[in-house]
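Work through the following exercises with the coordinates at hand. Each task is followed by a solution in steps.

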Number of protein chains: 8
Amino acid sequence: MGVKVGIIMGSQSDWATMREAAAMLDELGVEHETRIVSAHRTPDRLWDYGRSAVERGLQVIIAGAGGAAHLPGMMASKTRVPVIGVPVQTRALSGVDSLYSILQMPRGFPVATMAIGFAGAANAGLMAAGILALQDDALAQRLDDWRAALSASIPEEPSDD
Amino acid sequence: MGVKVGIIMGSQSDWATMREAAAMLDELGVEHETRIVSAHRTPDRLWDYGRSAVERGLQVIIAGAGGAAHLPGMMASKTRVPVIGVPVQTRALSGVDSLYSILQMPRGFPVATMAIGFAGAANAGLMAAGILALQDDALAQRLDDWRAALSASIPEEPSDD
Amino acid sequence: MGVKVGIIMGSQSDWATMREAAAMLDELGVEHETRIVSAHRTPDRLWDYGRSAVERGLQVIIAGAGGAAHLPGMMASKTRVPVIGVPVQTRALSGVDSLYSILQMPRGFPVATMAIGFAGAANAGLMAAGILALQDDALAQRLDDWRAALSASIPEEPSDD
Amino acid sequence: MGVKVGIIMGSQSDWATMREAAAMLDELGVEHETRIVSAHRTPDRLWDYGRSAVERGLQVIIAGAGGAAHLPGMMASKTRVPVIGVPVQTRALSGVDSLYSILQMPRGFPVATMAIGFAGAANAGLMAAGILALQDDALAQRLDDWRAALSASIPEEPSDD
Amino acid sequence: MGVKVGIIMGSQSDWATMREAAAMLDELGVEHETRIVSAHRTPDRLWDYGRSAVERGLQVIIAGAGGAAHLPGMMASKTRVPVIGVPVQTRALSGVDSLYSILQMPRGFPVATMAIGFAGAANAGLMAAGILALQDDALAQRLDDWRAALSASIPEEPSDD
Amino acid sequence: MGVKVGIIMGSQSDWATMREAAAMLDELGVEHETRIVSAHRTPDRLWDYGRSAVERGLQVIIAGAGGAAHLPGMMASKTRVPVIGVPVQTRALSGVDSLYSILQMPRGFPVATMAIGFAGAANAGLMAAGILALQDDALAQRLDDWRAALSASIPEEPSDD
Amino acid sequence: MGVKVGIIMGSQSDWATMREAAAMLDELGVEHETRIVSAHRTPDRLWDYGRSAVERGLQVIIAGAGGAAHLPGMMASKTRVPVIGVPVQTRALSGVDSLYSILQMPRGFPVATMAIGFAGAANAGLMAAGILALQDDALAQRLDDWRAALSASIPEEPSDD
Amino acid sequence: MGVKVGIIMGSQSDWATMREAAAMLDELGVEHETRIVSAHRTPDRLWDYGRSAVERGLQVIIAGAGGAAHLPGMMASKTRVPVIGVPVQTRALSGVDSLYSILQMPRGFPVATMAIGFAGAANAGLMAAGILALQDDALAQRLDDWRAALSASIPEEPSDD
C-alpha cells in the first residue's frame, strides 16, 4: 500500500516550518510524502493532487501556506480526504493573514487548522497520526507512548540552567 | 458498537452554535452523543470523558466553547482521540478570544480548529464524517454525494431575491 | 464584441454587496455579466471561467467573496486579465478575514483589492470603468462627468437633516 | 507553617518570565515555591496541585503560561485559592493569545490577570504580597517601604545618560 | 468593623456592568460600598479614596471603567490595598481600549484584571470574596458552596430550550 | 474679527458625529463655522480652505472624517493652523481605519487626534476652546467653570434609576 | 509616445519597497518613471502630477506610502487614471496603518490596493502590466511567458538546501 | 516670563522617544522644560504639576507614556492647559496599549494624541509650536520657514544611494 499522509506546502520557503510536521511523522513511524503545491503558481498540480487523493490512498493531507493562504482550503474543496492546515508565520501580519485565510472556510469545506508556525506544523503531524491511529493499533500505541514520554519529560521545578 | 462521535460543549448557551454540528452529522447519517462538559465548572466530567474516550470507542470528539475556551485543548490533553474545536462567537471579542484559546495549542496537543461560529460548527460535523469515512465506504459515499449536491445547488447567476 | 466585465461572487449571499458594482457599471453604461463562481463549491466553474477569460474578451474581472475568500486570488492565478477583489463584510470578523484572504497575495498574482463592503463593491465598478476608459474615449468622458457630478453634489455646509 | 505562595508555569521556557515574580517575592521577603505544572502535559499534576492547595495552606497561586494558556484558568476551577495569571509573550501573536486565554474566564472562575510579559510577572509578585499583607503587618510595612522607595527613585528630569 | 470591599466606577453608566459585582457579593454575604469615583472628573475623590483605604479597613477595591480607563491603575498607585479592575465594554473598540488601559500597568502597580464586561464584573466579586475568605472561614465555606452549586447546576446534555 | 474655529467634515453623514463639536463650542460661547470639505470629492475646496486659513484668522480647525480619512492630515499639510482630527466610527472597522488614517501622520504634520466617535467630537470642541483660552481670559473662565460643573455633577453613588 | 506608468512614493525611504515595482516593470519591458510625491510635504506636486496625468498619457499610477498613507487616495481623487496603492510596512503597526489609509476609500475613488510590503510592490508592477497588456499584445505575451516561467520554476518537492 | 512648554514623561526610558519633541522645539527656538512625572510612581508630582500649570504660565504640556499610559489623560484632568499625548512604542503590543490609554478619553478631557513613537514625539513639538505661534508672529514665521524647508528638501526622484 502507498503512503497515507501527504505534506504539501505553497513554496520552498514554507519548508522551514513544514519540516516540523515531517519530523513528527518520522518520530511516530508514519510514512509520508512531501510536495510543493502552490495554489496560485501551480493550480493544475493542486487540482491533480486533490483529484487523485482518494484513489492514491491518501488518508490525511497536511497543507501549509502563508499570507493569502489558499492551498489548504482549495485542497479541501477538491477531495474529501481530511485536510489539516498550518498557517505559516508572515512578515507584516505575523501569520494572522495565513490563519484567517485557512480557518474561515465556509460551510461545506472544513480545514483542521493548527496553531501559527512551528508548533502548529508539529501538531499537524500529531493530528495526522491520531487520525491514522484509529485504524492502526501499533501506531495508537506509539502515539500513546509519545504522549506519555512528553508528560514524563517535564521536570517538577524550573531550573536556572 | 457504541457511538463514535461525541459533541461536547462548555455550556447550554453553546448549543445554539453546536447544534449545527449535530444537524450535519444527522444529515450524513452519523450517530453521535451530545454532552455539556464544562472545563471549569465540571472539570471531573471532562477528566472522565477524556479518560474513557478510547475504551468507549469514540473516534472523534467535537468540542465547542467560547471566551477562555479551554475545553477543546484540555480534552486533547486527556485523550489521543482526535479533537475538533469550534470557537463560539462572543459578545466583546467576537470569538477571537475563543479562537486563540482553542487554536494556539503547544506542541504535543493538536486541536483541529474550525471557523468561528455556525459555519465552524457545521464544518466540525463534516470533518468528523470525513475522518470516519476513511473506514466506512458507505459514509464516504454519502459524504461524496453531499458534496456533489452542494456543488450542484449553486445557481449560475445571482438573483435579486 | 462580447461583454468586457465579469462580476463573479462566491455565493448568492454576496449579491447584496456585489450589486453595488453592477449598479455602478450600469450607471456608467458598461455592459457586464454576473456569475456565481464558488472557489470551493464550484472549483471547475472557476477553472473554466479563468481559462476562457482572455479568449472571451473579458478585460476586467470583479470578484467578491467573504471569509476565507479564495475566489479573487484563485481567479488571478488562472488568467492575466486584471482581477479586482471585493472583501465582503462578515459576521464574526467584520470582513478582516475576507480582506486578508484577498489582499495578501504572493508575488506573481496581484488582486486589486477594494474597501470592505458596499463602498468597495461600488468602487470596483469605478475601477473597472477606469481601466476600460483607457481604450474608450466615450467612457472616459462619462467617467469624468460622473466624477464631476459627484464633486458638484457636495453641499458647502452640513444640514441638520 | 508552610509556604503561602505557589508560582507555577506551563513549561521551563516560561521561567525566564516568571522568575520576575519570584525575584519580587524574594525582595519582599515572601517565601514561595516554584513548580512546572503543564495543563496539557501534566494535567494530573495540575489536578493534584489544585486539589491540595487549601489544605497545604497556599494563599495565592501565581500561574504563568503562553499561547493557549489554560493553566491559570484550570487552576482557578480546581481551587478557591486566588489565582493570579501572567500572560507570557509569544512569537507570532505577542502574547495576545496568552492574554485572551487567561483573561476571558466565564462567570464563576476569576483569574487576576496581569500585564503581558516581564512587568506582569513582577506585578504578580506584588499583587500576591498585597493580598498576604492584609494579614501580615510586617509585610504590609515592607510593601509600603518598597512602594515608597520606588517613588523616591524617580529623578526629576530625564538624563541623556 | 467597617465595610471591607469598595466597588468604585468611573461613571453612572458603568453601573449596569458593575452591579454584577455587587450582586455577587450580596449572594456571598459580603458587605460592600459602591461609589462613583471618576479618575478624570473627580480626581480628588480618587485621591481621598485611595489615601484612606487602608485606615478605613478596606481589604479589596473593585474598580470598573471604560475607554481610557485610568481609575483602576490610579487607585493602585494610591494604595497597597489590592485593586481588581473590570474593563467595561465600549462602543467603538468593544472594551479592548478599557482592557489595555487597565491591564498594561508598569512594574510596581498591579491591577488584577478581569474579563471584559458582565462576566468580568461578576468575577471581580468572586475574586474579592476569595481574597477575604483567606481570613474568614465562614465565607470560605460559602464560597465553596457557591462553587459546588454552580458545578451541580450544569445539566448532562444540552436541551433545545 | 472673523470666526476663529472651523469645523470641517468629509461628508454630510459625518455631521451626526461632528455636531457634538459644534454643540460644545456653542456651550462654551465660541463662534465657529461648519463646512463640508471632502478631501477626495472636493480637493480644491480643501486646498482653498487650507491656503486661506491663516489670513482668514482661523486659529483652530476641527476636521472629522471616516474610513480612509485624509481630510485632517491633508489640511495639516496646507496650513500651520493647528488641526484637531476626529475619527468617525465606521461600519466594518469601527473607526480604527479612520483613526490610523488620521493619527499616523509623518514627522512634519501633526494632527491632534481625539477619541473615536461622539466623545472625540465633543472633546475636539473642548480642545479648541482650551487653545483659544490661552489668549482669552473670559473663555478661560468659562472653560474652568464648565470643568468644575462637570466635576460637581458626578453623584457619590451609582443609582439604579 | 511618453511613459505610461508612473511610480510615485511618499518619501525616499519608501524606495526600498517600491523598487520592487520598478524592477518588475523592467523585467516585463514596461517603461516607467519614478517620482517622490509627498501628499503632505509636496501637496502641490501631487496636484500637478494628478492634474496632468491624462494629458501626459499616463495609463497607470503606482503609489506607495506608509503610515497615514494619503498619497494613493489623494491621487485617485485628482485623476481618473487607475491608481494602484502599495502599503509600505511600518515600525509600530506593521503597515496596517498604511493599509487602512489606502484601502478604505469612500465610494467614488477606488485605489487598487496590493499586499503590504515587498510582495505588494512587485505585484503592483504586474497589475500595471496586466492593465497595459489589454492594449498591447506583445506585452500580453511577455506577461503570459513570465507567469508560465514562474509556474515552471516551482520544484516538485521541498529541499533541505 | 517663564517657560511655556512642559515636556513630561512617565519614566527615564521614555526619554529616548520624547527627546524628539525637545529637539524639535529647540530647532524652532521654543524654550521648554523636561520633567519625569510618573502617574503611578509620583502621583503627587503629577498633581502639583497640573495644579500649578496655569499660574506658572505653561501654555502647552506634552506628555509621553507607554503601556497603561495614564499620564496624559490624568494631566488633562488636572489643568485646562492643552495636553498633547505621545504614545510610546511598547514591547508586546507595539504601543497600541499606549495609544488606546491616551486617545480614548471620555467627554470632558481631551488629549491631543500624536502618532505612536518617534514621529509622534517630533510632531508633538510641532503642534506645541503651532499653538504658541497663534500669539507669536516670529515663531509663526519660523514655523512657516521650517515647513517650507521640509517641502523644499524633497528630491524629485528616489535615489539608490
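**Exercise 1.** Is Asp14(A) buried or exposed, and which residues does Asp14(A) touch?

Solution. The model is a predicted one.
Step 1: the relative accessibility of Asp14(A) is 7%. Buried means under 20%, so Asp14(A) counts as buried.
Step 2: Asp14(A) sits in the loop of chain A between β1 (5-9) and α1 (15-27).
Step 3: list the contacts, leaving out residues up to four places away in sequence. Asp14(A) then touches Met9(A), Gly64(A), Ala65(A), Gly66(A) and Val88(A).

**Exercise 2.** Which residues of chain A does UniProt list for "binding site", and why can they be said to gather at one spot?

Solution. 
Step 1: the UniProt entry, which is unreviewed, lists Ser11(A), Asp14(A) and Arg41(A) under "binding site".
Step 2: these residues span 31 residues in sequence, but no two of their C-alpha atoms are more than 14.4 Å apart, so they gather at one spot.
Step 3: turn to Arg41(A), which lies in the loop between β2 (32-36) and α2 of chain A. With 18% relative accessibility, Arg41(A) counts as buried.
Step 4: trace what surrounds Arg41(A). Apart from neighbours within four places in sequence, Arg41(A) is in contact with Gly10(A) and Ser11(A), with Phe109(C), and with Leu150(G), Ser151(G) and Ile154(G). The side chain of Arg41(A) also reaches the backbone oxygen of Gly10(A) at 2.8 Å.

**Exercise 3.** Which backbone oxygen lies 3.0 Å from a polar atom of the side chain of Asn123(B), and what does Asn123(B) touch?

Solution. 
Step 1: Asn123(B) belongs to helix α5 (residues 118-133) of chain B, and its relative accessibility of 2% makes it count as buried.
Step 2: the backbone oxygen in question is that of Pro106(A), 3.0 Å from a polar atom of the Asn123(B) side chain.
Step 3: not counting residues up to four places away in sequence, Asn123(B) touches Met105(A), Pro106(A), Arg107(A), Gly108(A), Phe109(A) and Pro110(A), as well as Met114(B).
Step 4: for contrast, check two chain pairs without contact. Chain B and chain F do not touch, their closest C-alpha atoms being 13 Å apart. Chain B and chain G have no contact either, and their nearest C-alpha atoms lie 18 Å apart.

**Exercise 4.** How many aromatic pairs are there over all chains, and how are the rings of Trp47(A) and Trp47(C) placed?

Solution. 
Step 1: the count is 8 aromatic pairs over all chains.
Step 2: the ring centres of Trp47(A) and Trp47(C) are 3.3 Å apart and the planes stand at 10 degrees, so this pair is stacked.
Step 3: Trp47(A) lies in helix α2 (residues 43-52) of chain A and Trp47(C) in helix α2 (residues 43-52) of chain C, so the pair joins two chains. Trp47(A) and Trp47(C) are both buried.
Step 4: the rings of Tyr100(A) and Tyr100(C) have centres 6.2 Å apart and planes at 20 degrees, so they too are stacked. This pair runs from helix α4 (residues 96-103) of chain A to helix α4 (residues 96-103) of chain C. Tyr100(A) and Tyr100(C) are buried.

How values were computed: Residues numbered from 1 in each chain as written. Chains lettered and ligands numbered in written order. Predicted model: local features only at pLDDT ≥ 70, side-chain atom pairs only at ≥ 80, totals over all residues. Heavy atoms only, no water. Phe/Tyr/Trp six-rings, centres within 6.5 Å; stacked < 30°, edge-to-face > 60°. Helix = DSSP H or I, 4+ residues; strand = E, 2+ residues; numbered from the N terminus. Buried < 20%, exposed > 50% of the residue type's maximum accessible area, 1.4 Å probe, protein only. UniProt positions renumbered as here; feature names shortened; annotations may be inferred. Contact = heavy atoms within 4.5 Å. Polar contact = N/O pair within 3.5 Å; in protein donor to acceptor, adjacent residues only side chain to side chain.
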